[in-house]
Amino acid sequence: PGIVAGLVKATFAESWPMVSRGDGVSAFSAIGNELKRLGALEYLLVSLLTCSAMAAIMSTADSVILGVANALSIDVFEGAIAPGASQQAVVKFGTATSCTMTALSVVGGLFVTSADFG
C-alpha cells in the first residue's frame, strides 16, 4: 500500500493544490486531502483509513511491549533473579516492566522529530 500511495502522489502531484505548493506533504496525507475535498463519503473513507493505520501502529507497539515484558518476566526474573517466585510476583514484575517500557517510550517519543528520520 505504501508503494501504491507513493506512485499515486507522484502521478497526480502537479494537479493537486496541496502537493503542488511544495509544502512537503507526504503521500498518505496528500491522498487523504484530495479525497476529503471530494465529498462526505470520501471524507469518511479517509477517516476510516486513518483509524485503521493508527490501530495497526498501536497493535504493533502493544505486541512489542507485551513480548518484551513476558520475556523479561519468565526468562530473566523467574529464571535467573528469583527462581522460586510465585506467579503473583512474576505477574507484578511483568506489569511493572510494561508500565516502565510505556513510560520510557512516551518520554523518548517527546524528543523525536521528523528531522531525526532524514
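Mentor: Let us begin with a term: two residues are in contact when heavy atoms lie within 4.5 Å. Please also keep in mind that this is a predicted model.

Trainee: Which residues in H4 do Phe 28, Gly 32, Leu 35, Lys 36 and Leu 38 in H3 meet?
Mentor: Helix H3 covers residues 27–38, and helix H4 covers residues 40–81. By the contact criterion of 4.5 Å between heavy atoms, the listed residues of H3 meet Glu 42, Tyr 43, Leu 45, Val 46, Leu 49 and Thr 50 in H4.

Trainee: Is H3 roughly parallel or roughly antiparallel to H4?
Mentor: The axes of the two helices come within 7 Å and cross at roughly 150°. Angles over 145 degrees count as roughly antiparallel. Therefore the orientation of H3 relative to H4 is roughly antiparallel.

Trainee: What is the pattern of the chain, read along the sequence?
Mentor: The secondary structure comprises five helices and zero strands. Read along the sequence, the pattern is therefore α-α-α-α-α.

Trainee: Does Gly 94 count as buried or exposed?
Mentor: Gly 94 belongs to helix H5, residues 87–110. Its relative accessibility is 11%, and the cut-off for burial is under 20%. Gly 94 therefore counts as buried.

Trainee: Which residues does Gly 94 touch, not counting residues up to four places away in sequence?
Mentor: Gly 94 and Ala 69 are 25 residues apart in sequence, yet their C-alpha atoms are 5.2 Å apart in space. With residues up to four places away left out, Gly 94 touches Ala 69 and Ser 73.

Trainee: How many Å apart in space are Asp 62 and Ser 98, C-alpha to C-alpha?
Mentor: Asp 62 is found in helix H4 and is partly exposed, with a relative accessible area of 42%. Asp 62 and Ser 98 are 36 residues apart in sequence. From C-alpha to C-alpha, the distance between them is 9.4 Å.

Trainee: What accessible area do Val 64, Val 68, Leu 72, Val 76 and Ile 81 have together?
Mentor: Leu 72 lies in helix H4 and has a relative accessible area of 31%. Patches require over 30%, so Leu 72, being partly exposed at 31%, passes that cut-off. Together the five named residues form a nonpolar patch on the surface, with an accessible area of about 370 Å².

Trainee: What percentage of the accessible surface of the chain belongs to carbon and sulfur atoms?
Mentor: Buried residues make up 18% of the 118 residues in the chain. The accessible surface comes to about 8300 Å², and the share belonging to carbon and sulfur atoms is 71%.

Terms used:
Residues numbered from 1 in each chain as written. Predicted model: local features only at pLDDT ≥ 70, side-chain atom pairs only at ≥ 80, totals over all residues. Heavy atoms only, no water. Patch = residues over 30% accessible without salt bridge, like charges linked within 9 Å, V, L, I, M, F, W, Y side chains within 5 Å. Areas by Shrake-Rupley, 256 points an atom, 1.4 Å probe, with all protein chains shown as cover. Salt bridge = Lys/Arg side-chain N within 4 Å of Asp/Glu carboxyl O. Helix = DSSP H or I, 4+ residues; strand = E, 2+ residues; numbered from the N terminus. Buried < 20%, exposed > 50% of the residue type's maximum accessible area, 1.4 Å probe, protein only. Axes fitted to C-alpha atoms, helices over the stretch in contact; angles between N-to-C directions. Parallel < 35°, antiparallel > 145°, perpendicular 65-115°, else oblique.
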